[in-house]
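Please walk through this model chain by chain.

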Amino acid sequence: MTETMAFVVDMLLHATPLVITGLAVALAFRAGVWNIGADGQFIAGATAAAWVGVSVPAGIGWLALIIALIAGVIAGAIWAAIAAWLRSRFGVLEVISTIMLNFIATYGASFLVRGPLQEPTHVYPQTSGIVSGAHIPILLGGTRLHWGFVIAVALAVAAWWVMKYSATGFRVRASGVNPFAARSAGLIDVSRVTAFAFVTSGAIAGMAGAIEVSGVTFALYENISPGYGYTAIAVALLAGLNPLGVIGTGILFGALETAAGAMQRNIGIPSTTASVIEAIVILAVIAIAQLRTNRVTTSA
Amino acid sequence: MSDVALELASITKRFGRLTALDGASLQARRGTVHALLGENGAGKTTLMRIAFGMLRPDSGSIAVDGTDRSFASPADAIAAGIGMVHQHFTLVPAMTVAENIALGGRGSFRPTQVREAILALSARTGLAVDPSARIEDLPAGAQQRVEILKALSRDTRILILDEPTAVLTPTESRELLQKARELVSNGGTAILITHKLRDALEFADDITVLRRGSTVWSGRASEATEETLVAAMLGGERTGAEMQRVTAIATDRNATVLSLENVSVRDDGGVERLRSVTLAVHAGEIVGIAAVEGNGQRELLRVLAGRMRVTSGDVRIPAVVGFIPEDRHRDALIQDFSLRDNVALLGASTRRGVMSWAAIGRQTRELIRDYDVRAPDDLTRARSLSGGNQQKLVVGREIEGSQTALVAENPSRGLDVQATAAVHARILAARDAGMAVVIYSSDLDEVLALAERVVVVHAGKVTEPPREYESIGRAMLGLPVS
Amino acid sequence: MIDATSAFLEGVVRTATPLAFAALGETVTERSGIINIGLEGSIIAGALGAVVGAGYGGVWAGFAFGAVCGCAVAAIFALFAVTLRADQIISGTAVTLLALGGTGTLYRILYGSAGAALNTPTLDPASIPLLSRIPVVGRALFVQPSITYVLYVLVPVVMWWTYRTHAGLGLRAIGENPAAAIAAGIRAKKVQFLAVLFGGLLGGISGGTLVLAQAGTFVEGMSAGRGFIAIAIVVLGRWNPLGAALAALVFGAASALQFFFQATGSNLPYQLFLAFPYVLTLVALAATHGRTNSPAALGRQDFEQS
């Protein structure tokens, strides 16, 4: 395999969780929900998928994968639902609650892999490997590239269609851009619509975690997410919150992370440089958008 | 010292593509009440905000007592002796009267000292206030007194009043304008922004008329007549703009479309906004609502339109009631959405499955055509339309969307005479087509011009006094009508 | 048992100190109407700044440089939130991410790849004569690293400034109704910018405290969400400087709980204690719903809109 090929495979591998979490974040932001908790929802999904993967009997074959993915989706949805409930019932700022839940998820996973779910020898802080039936099939023979990437793209296309053509998507968009008009002119139950979008966002991020475990790591360990949930913010914003755009920006950031890893190995530049670049991207997107708005807005 | 206290010369101000002021001028002589007259959107408030330093002019000059000035912020204008009482009060609701009046001072803040200073000023000017009361607990008239005291407390020699009678009852308005005359008798200058001809003629010494951002007439009030002023304000554009006086049509007991029985509404803070209201609106009639802001009319309108839940009582309204809210920017339209998307808001909550964009697009284009909305096409963003055209679209969407009932809240707010006429025509047409219409306006003249029945809301209770100015004015204040 | 309680109380105040600094600064910021989610970024920047500064000039140089770094990060946020009037939530998040990534990168470049442990000078607890003899709380309150005493002085000063000066009145007015403040002649944008810088300054000191009065070293991400917890503390303290300091004690107790349980030999998983402050934050925010009056214009992007 050529070096370029290896890079592309790595890039798409990195891109898969970024596209899916980017999608989750884009959906939430579109609905006016600041879901900064994609990381915690990812971890919840990964944990659930790993738990399924090590608990089901080997005999059920590929059914294990299906159950694992569903478990991941549900776990991510529940993790987001906590913050969604705190938001609608108590008015708790979701940016803070989701970040708190990120920390709680990290400690929860840490506890599990050092305790109840730890591998039998009790040496390493991780679970044992998941059953082979729970593995995602390989997409490209001879590489690690798995079908998760295809799932990611399919999800993005589906999300784009729903946003543009479905009544639900319209209600979500309206609520996100102007909840007052949505309520007054559209009689939309903004509270319910945004909560639904919030939970769905968590479900998608949970799916990303489940795919990561089922396709790449085949086990759960600490730091299963190297900050995907935060990079996802850059992915989503740079794509203009457009689900199709997220495919492109997800791949772009996948390339960035791959390159950053290589740079650290070969030249010694810290891989955290990637997160700096991601943050600068977010700031640049915000600045450009705001400058445009400031020029247009007239005050009288 | 110059005879002219404040002079604004050839002021031009643009906001993006919109030219708000085009060579506007004003000369206010010291010791006079100067009325700045013009219809909505003529540029009066913009001109005075420039005088107060809230906006910078693109060109033109400002001179105070003959000296050229340049104001970077209200702080500079205040230092030059200019004070402004704003149309929408610039008070901090959660703070006390004392804190509000003291705002903007320097150094350490001693509550007792401030309190004494306020009581002294209050006695001197005859404007009574309680320094330790919180603004949000005070009625509009008292809040306005605080606004005025705030402006006067800073050694103000030129006082600008922006539509001061907008939130007052007829009686309170007269008292305020008389007070303004008293203030200038001490050598100060008052500039009164208003669109009310009668107030200008009765209380001002000089008048300046703005139309479309330019000064079209200025001179002594004694030399002006209602006709000359109207001609100046409207520029001879007769677009059927006179508010049609509606004669009481014999409504032969048409069906009741909107019905409220013993309805009470309590807000989030537990305050009762509507108390046991009973009201029926019939097909083919226009019911006008007259009220001083904050007396419950907002809640009444929303209950009638099905936009607000009631705490108790019986509400019988059609499934879809058209609603034209006061804040069209925020509540009626999504500015960054296309016109088509905005029309799609109609019935958005109950739509299932897929959006039929083609059909909605067709519907939007019909609305644009039928309601004379000046827009390139249905995919234009709402933001690029003028206020009048936005409102025409909203009116069209709501009327076509309901066909049975329409509730309008200050529908001509911020619109020029042409757009206002168009909106009024639509409202009357809706009535003629058999719709039940409810209209509220903070301008009593507008209500009387359109509605054949007028109900008054005061402190959450609804009454129906005789349909004439004085009685309604008294009812708005909660005074006995006789 | 007395020893465990005593150690616990000392731990409470010690752990609360960085939280109190950050919350105090954020209280002033939020009173001006700006919610600074980038506070976390100021804290971590202050931590790294403290290491660098202390390496050159000792502990107090460390605090000073940490404060400067915290202020610089806040300046970036202010540029977006106050000058450009971009959305405060997303701007703050971006600034925090920038600071977290930036400090990680800088640390590795300056001090080596895997982040080796450093020998940074630290502050030992300094006992205040007489006052430290008070039974039960004397040791807890008055035998602390002297940066804590700076806090004791700062809280009443900020209180006085906020409620007894015209400048403080103006600040509070901006947070309630910016249009009113502007109409009264107050330069709202300038005041907001300065309020954000002040919050960042104290955030930097908070980070400095983590390094110079606690850990003695820098670890990537060592702010561990304290900036966000501080925001919850501001809510709990009802946007009042003294309230923030007292509420910080509650969270200090939550963090110090693990020491208490360790001392009494408990078998509960340590992750439970690490997670507790975050859970407490959620509970506190939910519990204070509707009962506190936040500054009416908090988070508002546009001075005109209502």
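## Chain C as a whole

In chain C, 77% of the contacts with a separation of 6 or more are between residues 24 or more positions apart. The model is predicted. The secondary structure of chain C consists of 12 helices and two strands. Along the sequence, the pattern reads α-α-α-α-β-α-β-α-α-α-α-α-α-α.

Now take the overall dimensions. The C-alpha atoms of chain C fill a box of roughly 60 × 45 × 40 Å along the principal axes. The radius of gyration of chain C is 19 Å. A compact globule with 306 residues would have a value near 19 Å, so chain C agrees with that expectation. Burial can be given for the chain too: 55% of the 306 residues of chain C count as buried.

One residue gives a local view. Ala167(C) sits in helix 7 of chain C, which covers residues 166–176. Ala167(C) has 18 other C-beta atoms within 10 Å. A residue needs 20 or more to be buried, so Ala167(C) is classed as partly exposed. Look also at the pair Ala167(C) and Thr264(C). They are 97 residues apart in sequence, and their C-alpha atoms are 50 Å apart in space.

Start with chain A. Here 36 residues of chain A are in contact with 36 residues of chain C. On the chain A side, helix 3 (63–90), helix 4 (94–113), helix 9 and helix 11 (273–296) each supply at least two residues. Helix 11 of chain A has the largest share, with 13 residues. By class, the side of chain A that touches chain C has 24 nonpolar, 11 polar and one charged residues.

Helix 9 spans residues 228–238 and is mostly covered, with 11 of its 11 residues buried. Among the buried residues are Tyr228(A), Tyr230(A), Ile233(A), Val235(A) and Leu238(A). Gly229(A) and Thr231(A) are buried as well. After helix 9 of chain A comes Gly240(A), which has a positive phi, near 65 degrees.

Chain B also touches chain C. In this case 21 residues of chain B are in contact with 19 residues of chain C. On the chain B side, the elements that give two or more residues are helix 2 (74–79) and helix 3 (97–102). Helix 2 of chain B gives the most, with three residues. The chain B side divides into 12 nonpolar, seven polar and two charged residues.

## Inside chain B

How is chain B divided into domains? The domain assignment gives domain 1 (4–234) and domain 2 (256–476). The centres of domain 1 and domain 2 of chain B, taken over C-alpha atoms, are separated by 32 Å. The contact between them takes 10 residues from domain 1 of chain B and 10 residues from domain 2 of chain B. On the domain 1 side, five residues are nonpolar, four are polar and one is charged.

Val114(B) lies in helix 4 of chain B, residues 111–125. Is Val114(B) buried or exposed? Val114(B) counts as buried because 21 C-beta neighbours lie inside 10 Å. Beyond its neighbours within four places in sequence, Val114(B) is in contact with Ala98(B) and Ala102(B). Arg124(B) is 10 residues from Val114(B) along the chain, and their C-alpha atoms are separated by 15 Å.

Next comes a sheet. In chain B, three strands form an open sheet in the order 12-11-14, with antiparallel pairing. Strand 12 (272–282) and strand 14 (312–316) of chain B stand at the edges. Each has a single partner strand, so one side of each is left without a neighbour in the sheet. Neighbouring strands of this sheet are turned by 15 degrees against each other on average, direction ignored.

Strands of a sheet pair through backbone hydrogen bonds. Strand 11 (residues 256–266) of chain B is joined to strand 12 of chain B by seven bridges, and the two run antiparallel. Val263(B) stands opposite Val277(B) in strand 12 of chain B.

How values were computed: Residues are numbered from 1 along each chain as its sequence is written. Chains are lettered from A and ligands numbered from 1 in the order in which they are written. This is a predicted model: local features need pLDDT of at least 70, side-chain atom pairs count only at pLDDT 80 or more; totals for chains, interfaces and linings use all residues. Two residues are in contact if their C-beta atoms, placed from the backbone, lie within 7 Å. Helices (H or I, at least four residues) and strands (E, at least two) are DSSP runs, numbered from the N terminus. Ala, Val, Leu, Ile, Met, Phe, Trp, Tyr, Cys and Pro count as nonpolar, Asp, Glu, Lys and Arg as charged, and the others, Gly among them, as polar. A residue is buried if 20 or more other C-beta atoms lie within 10 Å of its own, exposed if 12 or fewer, and partly exposed in between; C-beta atoms are placed from the backbone. Domain bounds come from an automatic or database domain assignment. The radius of gyration is taken over C-alpha atoms; the globule rule is 2.2 Å times the number of residues to the power 0.38. Two strands pair if DSSP finds at least two bridges between them. Axes are lines fitted to C-alpha atoms, for helices over the stretch in contact, and angles run from 0 to 180 degrees between N-to-C directions.
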